[in-house]
Amino acid sequence: MSQVIIASQLDEDYNDVIRARLATLHPQAQVIGVPAGVPSDLPPQANILLLRPINVRGYTAPDTPPPGWPYGAQWVHLVSSGIDFYPQWLFNGPPVTTSRGSAADNLAEFALAAIFAASKHLPAIWVQDSQWQFTALRPLKGTTLGILGFGAIGQRLAQKALGLGIKVVALRQSTTPFGVDGVEAARDIHDLFARADHLVVAAPLTDATRHIINRDVLGSARPGLHLINIARGGLLDQEALLEALDNGRIGLASLDVTEPEPLPDGHPLYTHPRVRLSPHTSAISTNSQAEIADTFLANLERYVAGLALANVANA
């Protein structure tokens, strides 16, 4: 494979990072910027498409592909880890790969930051005058972290948490071993919720997992559970969550994702006293450009060499 022409929906500063790396790896390769959204009228010479999420901010792509799809594309690479932001027809053509794992450390660190903030009463303990009040801060060592879903994010999170002396119990759909020494397996989702002091949702959203965290599951939670969702809002029944927050079964919810995104103005999750809401930013870091480039270019080497691509979504 000699020709490498990449049609990229990334911002130009991201494209420039890839171009700089390609100048050394494949000097003849080109990166052509194309509009975000449903891909259409791609440059005829482009054989690779770098694609941003399409079904976001209330937009849903048509059920059928645009005329001419997939144009000349022989491989489509998604800059996100999940595939739920894209129409189904995208996966019926050329190989589609994801950026799974590229932001795993960022997401794991965000979850730990939420746990630290809750346990150490941040930012509530900062003082602004001489009227100091002492607050007993909860140690993390000896507490139990539950992890729902155990892909790259769950693995990184478990490793970091175990290093802090936190017990880790996890649940995943597959029977594949966790691959991290010290992680215990929950019997089922009810057992997971019953054992955890903090519980991080890191599972993919599928038809089978939509609202997997429902009223029944929340009713199994250890009273006062801190629930952290860094995956997808659709995994959680938000009405059931509000009920569980009001009755005390859930003590705190730290949510980086919701359904829809953004929530409409006036939604109760914005103002509930035991909800911490961030704008789906846990995967974004000052290193995101390099992280996305690393994942894509590692697969590009496989593509050029004629090897099997990694993280294939439609295999």
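## Basis of the description

The model is predicted: local features need pLDDT of at least 70, side-chain atom pairs count only at pLDDT 80 or more, and totals for chains, interfaces and linings use all residues. Residues are numbered from 1 along each chain as its sequence is written, and side-chain values use heavy atoms, with hydrogens and water left out.

## The parallel sheet

Seven strands, in the order E8-E7-E6-E9-E10-E11-E12, make up an open sheet with parallel pairing. Strands are DSSP runs of E with at least two residues, helices are runs of H or I with at least four, and both are numbered from the N terminus; two strands pair if DSSP finds at least two bridges between them. Strand E8 (183-185) and strand E12 (275-277) are the edges, each pairing on one side only. From one strand to the next, the twist averages 20 degrees. Strand E7 (residues 167-171) is joined to E8 by three bridges, and Val168 has Val183 in E8 as its bridge partner.

## Helices on the sheet

Helix H2 (residues 104-119) lies across strand E6 (144-148), strand E9 (198-201), strand E10 (225-229) and strand E11 (250-255), and runs at about 150 degrees to E10. Helix H6 (residues 238-246) also packs on the sheet, where it touches E10, E11 and E12 and makes about 140 degrees with the direction of E11. Contact means heavy atoms within 4.5 Å; axes are lines fitted to C-alpha atoms, for helices over the stretch in contact, with angles from 0 to 180 degrees between N-to-C directions.

## Helix H1

The buried residues of helix H1 (residues 12-25) are Tyr14, Asn15, Ile18 and Leu22. They cover an arc of only 95 degrees around the axis, so they lie on the same side of H1; the arc is that of the directions from the helix axis to the C-beta atoms. This buried side packs against strand E1 (5-8), strand E2 (30-33), strand E3 (48-51) and H8. The face turned away from it carries the exposed residues Ala23 and Thr24. Buried means under 20% relative accessible area, exposed over 50%, and partly exposed in between (1.4 Å probe, protein chains only).

## Backbone geometry

The loop between H2 and E6 contains both His121 and Pro123. His121, although not a glycine, has a positive phi of about 55 degrees and is partly exposed at 33%. The peptide bond from Leu122 to Pro123 is cis, with omega near 5 degrees.

A cis peptide bond also leads from Glu261 to Pro262, with omega near -10 degrees. Pro262 lies in the loop between E11 and helix H7 (268-271).

## Salt bridges

The structure holds 14 salt bridges, each defined by a side-chain nitrogen of Lys or Arg within 4 Å of a carboxyl oxygen of Asp or Glu. One of them joins Asp11 and Arg52 at 2.9 Å, N to O. This pair links distant parts of the chain, 41 residues apart: Asp11 is in the loop between E1 and H1, and Arg52 in the loop between E3 and strand E4 (75-78). Lys160 and Asp105 meet at 3.2 Å, N to O, linking helix H3 (residues 152-163) to helix H2 across 55 residues.

Within helix H4 (residues 189-195), Asp191 and Arg195 lie four residues apart, about one turn of the helix. The closest N and O atoms of their salt bridge are 3.3 Å apart. Asp191 is buried at 8% relative accessible area, whereas Arg195 is partly exposed at 25%. Salt bridges with shared partners join Glu184, Arg187, Asp191 and Arg195 into one network.

Notes:
Expected span 1.5 Å × (residues − 1).
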